[in-house]
Amino acid sequence: MTTPETPPWAEPQTVIDGWLLDGDLLPTEKQIRIWIRRAQTLIEDTRRAVAPRSTSIAQRIETDRELAQTVSDVVVAMVERVFANPEGVRSAMDVTGPLTGSVTYGGDNPGTLDVTAKEMRRLGISKRRQRAF
């Protein structure tokens, strides 16, 4: 479990620097920090559920700078998905006169804080296969 004393695994500036949407939609640094903390908690909760005997991410990144960068990338991606689609819209259509535009968001739960199976594999966390004796 992450605690208020756990250092952030990503910096708000990283989210800000990678922002691709309209600058007016840029969240505040405080909002970004809140969602970074939530992403950390979700990653650790998922790690405990999937691989309860594995070492915590916080412990692993203390000694593995390469993993620390990967964790930061995953956290930033998670946070960006939330801010890119905060309403959790699956698809939207815009009709202006004879012009029609639409967008469909991917993923199982667009706009929600979620860690994907691919991201968990990047972090070195996967379910152990059960074998019959």
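## A partly exposed aspartate and its partner

At 34% relative accessibility, Asp 73 counts as partly exposed, a class that lies between buried (under 20% relative accessible area) and exposed (over 50%), as judged with a 1.4 Å probe and protein chains only. The side chain of Asp 73 meets that of Arg 122 in a salt bridge, with 4.0 Å from N to O; the term denotes a side-chain nitrogen of Lys or Arg within 4 Å of a carboxyl oxygen of Asp or Glu. Arg 122 lies in helix α5 (residues 117–122) and Asp 73 in helix α4 (residues 65–84), so the pair ties together parts that are 49 residues apart in sequence. Arg 122 is likewise partly exposed, at 44% relative accessibility.

## Basis of the model

The structure is a predicted model, in which local features need pLDDT of at least 70 and side-chain atom pairs count only at pLDDT 80 or more, while totals for chains, interfaces and linings use all residues. Residues are numbered from 1 along each chain as its sequence is written, and side-chain values use heavy atoms, with hydrogens and water left out.

## Overall architecture

The chain contains five helices and two strands. Read from the N terminus, the order of these elements is α-α-α-α-β-β-α. Helices (H or I, at least four residues) and strands (E, at least two) are DSSP runs, numbered from the N terminus.

Of the 133 residues in the chain, 30% are buried. The chain exposes about 9,200 Å², and carbon and sulfur atoms supply 51% of that area; accessible areas come from the Shrake-Rupley method with a 1.4 Å probe, and for residues only the protein chains shown count as cover. Contacts (heavy atoms within 4.5 Å) also describe the fold: among those between residues at least 6 apart in sequence, 67% join residues at least 24 apart.

The whole structure holds six salt bridges. One of them joins Arg 81 and Glu 119, whose closest N and O atoms are 2.8 Å apart. This pair links distant parts of the chain, with Arg 81 in helix α4 and Glu 119 in helix α5, 38 residues apart. Arg 81 is partly exposed, with a relative accessible area of 30%, whereas Glu 119 is buried at 8%.

Salt bridges link Glu 44, Asp 45, Arg 47 and Arg 48 in a network. Within this group, the side chains of Arg 48 and Asp 45 meet at 2.5 Å, N to O. Both residues lie in helix α2 (residues 29–50), three residues apart, about one turn of the helix. Arg 48 is partly exposed at 29% relative accessibility, and Asp 45 is partly exposed at 37%. The C-alpha atoms of Arg 48 and Ile 125 are separated by 9.7 Å, although the two residues are 77 apart along the chain.

Arg 47, also in helix α2, is buried at 5% relative accessibility. A polar atom of the Arg 47 side chain lies 2.7 Å from the backbone oxygen of Ser 54. Not counting residues up to four places away in sequence, Arg 47 touches Pro 52, Ser 54, Thr 55, Ser 56, Ile 57, Met 120 and Ile 125.

Thr 46 is a further residue of helix α2. The side chain of Thr 46 reaches the backbone oxygen of Leu 42 at 2.8 Å. Beyond its neighbours within four places in sequence, Thr 46 is in contact with Val 115 and Met 120.

## Aromatic residues

A pair of aromatic rings is described by the distance of the centres and the angle of the planes. The structure holds one aromatic pair. Trp 35 and Phe 83 form this pair in an edge-to-face arrangement, with 6.4 Å centre to centre and 75° between the planes. By definition, rings of Phe, Tyr and Trp (its six-membered ring) pair if their centres lie within 6.5 Å, and planes under 30 degrees apart count as stacked, over 60 as edge-to-face and the rest as tilted.

Trp 35 is partly exposed, with a relative accessible area of 23%, while Phe 83 is buried at 15%. Arg 38 lies over the face of Trp 35, at 4.5 Å from the ring centre; a charge sits over a ring if NZ of Lys or CZ of Arg is within 6 Å of the ring centre and within 35 degrees of the ring normal.

Note on methods
Polar contact = N/O pair within 3.5 Å; in protein donor to acceptor, adjacent residues only side chain to side chain.
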